[in-house]
Amino acid sequence: MDNRPIGVFDSGLGGLTSVMALKDIMPNEKVLFYGDTARTPYGSKSPDTIREFSKQIVKYLIGKDVKMIVIACNTATSMALEMLKDEFKDIPIIGVIDPTVRRVVGDSPKSVGIIGTKATIDSNIYADTLSKYDFKIKTYSLACPAFVPLIEEGIIDNEIMDLTIKYYMDDFVRSGDFDSLILGCTHYPLISSNINRIYPDLRLYSSSAEVIRDVQTILTERDMLAEPNSYRDRYYASDLSENFLRMTDHMFK
C-alpha cells in the first residue's frame with residue numbers, strides 16, 4: 001500500500017484526459033498533475049529541448065514525493081522516455097505509446113492510421129513500435145499541428161475545429177486503407193466526438209486511457225495501490241492561464 005500521489009505531466013492540458021481515466025479506473029489514487037502551459041506546444045520544438053523540459057518536470061515531481069510518474073504526452077514520451085528512465089531509476093516512469101500500441105495490436109488490425117503532433121509523427125515512434133509487435137501491420141501517419149493550440153484555446157465544440165479536422169484528415173482518411181485510428185496525442189480525446197461524427201467508420205484508440213491500465217498493473221504488482229485517504233489531488237501549471245482554469249473546470253466539474 002502506498003498513498004503517495006501519482007505524478008502526471010503533459011506539455012499542456014491534454015494530459016488531464018489521462019487523469020480523468022485514472023480517476024475513473026482507480027478512484028482511491030491521488031494525482032499531482034503538472035501542465036507545462038507556458039511552453040506548450042512541445043510538438044514543434046527540437047528533441048533536445050523536449051528532453052530538457054521533461055527532465056526539469058520530472059525533477060520537480062520527484063521533489064513533491066510522488067510514487068510514480070506518467071508522461072501523459074505523446075511528444076515527451078517519444079523524445080524523452082528512455083532518457084528519463086535511465087536517469088531516474090528509483091521511480092517507475094511510464095509513457096503513453098507502448099500501452100496504446102499493445103492494445104491496438106491485440107485487436108489484430110491489418111492497417112492503422114496515426115495522428116499526432118509534428119514531433120511525434122516525425123519520430124515514427126508509433127509505426128516503429130507497431131512494427132516491433134507485428135511487422136505485418138501497415139501504418140499511415142499524419143501530423144496535425146493546429147489541433148493542440150485550438151484545444152488549448154477551448155475551440156472544441158465549434159465549426160472551426162470541425163473545419164480544421166477536415167482540412168487535415170479528409171484526404172488522409174480517403175486515401176488511406178485503414179479503419180483504426182490512434183489518437184497519438186493526449187489532447188485529441190477532447191475532439192474524439194468531432195472525429196467520430198465526421199468519420200463514423202473509424203475505430204479510435206486513445207493513448208490517454210490505455211496508459212492507465214498499465215499504471216494499475218504496475219502498482220498492483222508492486223503492492224503500491226492506494227487505500228482511501230485524505231490526500232487531495234493537486235494541479236500545477238507553469239502558466240496559470242485562463243485556458244488552464246477553464247479546462248480544469250470543464251473536465252472536473
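Predicted model: local features only at pLDDT ≥ 70, side-chain atom pairs only at ≥ 80, totals over all residues.
Together with helix H1, residues 16-25, strands E1 and E2 make up a right-handed β-α-β unit.

Strand E1 itself, residues 6-10, is largely enclosed by the rest of the structure, because five of its five residues are buried. In a regular strand, side chains alternate between the two faces of the sheet. Here both faces are covered, with Ile6, Val8 and Asp10 buried on one side and Gly7 and Phe9 buried on the other.

Beyond its neighbours within four places in sequence, valine 8 is in contact with Gly15, Val19, Val31, Leu32, Phe33, Tyr34, Leu61, Val70 and Ala72. Val8 is also among the residues with the most contacts inside the largest nonpolar core, along with Leu130, Ile182 and Val215; this core has 33 residues. Elements that give two or more residues to the core include E1, H1, E2 and E3, as well as helix H4 (97-106), strand E5 (111-116), helix H6 (125-133) and helix H10 (207-221). Apart from this core lies another, of 26 residues, among them Leu142, Cys144, Met169 and Phe178.

Nine aromatic pairs are found in a search of the whole structure. One of them is a tilted pair of phenylalanine 33 and tyrosine 235, 6.3 Å centre to centre with 45 degrees between the planes. Phenylalanine 33 lies in E2 and tyrosine 235 in strand E9 (residues 234-237), so the pair ties together parts 202 residues apart in sequence. Phenylalanine 33 is buried, at a relative accessible area of 0%, whereas tyrosine 235 is partly exposed, at 29%.

Phenylalanine 147 and tyrosine 188 form an edge-to-face pair, 5.4 Å centre to centre and with 75 degrees between the planes. Since phenylalanine 147 lies in helix H7 (residues 147-152) and tyrosine 188 in the loop between strand E7 (180-184) and helix H9 (192-198), this pair ties together parts 41 residues apart in sequence. Both phenylalanine 147 and tyrosine 188 are buried. Elsewhere, the charged end of arginine 39 sits over the ring of phenylalanine 53, 3.7 Å from its centre.

Key. Residues numbered from 1 in each chain as written. Heavy atoms only, no water. Buried < 20%, exposed > 50% of the residue type's maximum accessible area, 1.4 Å probe, protein only. Helix = DSSP H or I, 4+ residues; strand = E, 2+ residues; numbered from the N terminus. Right-handed = clockwise from strand over helix to strand, strands pointing away. Core = buried A, V, L, I, M, F, W, Y, C linked by side-chain atoms within 4.5 Å. Contact = heavy atoms within 4.5 Å. Phe/Tyr/Trp six-rings, centres within 6.5 Å; stacked < 30°, edge-to-face > 60°. Lys NZ or Arg CZ within 6 Å of the ring centre and 35° of its normal.
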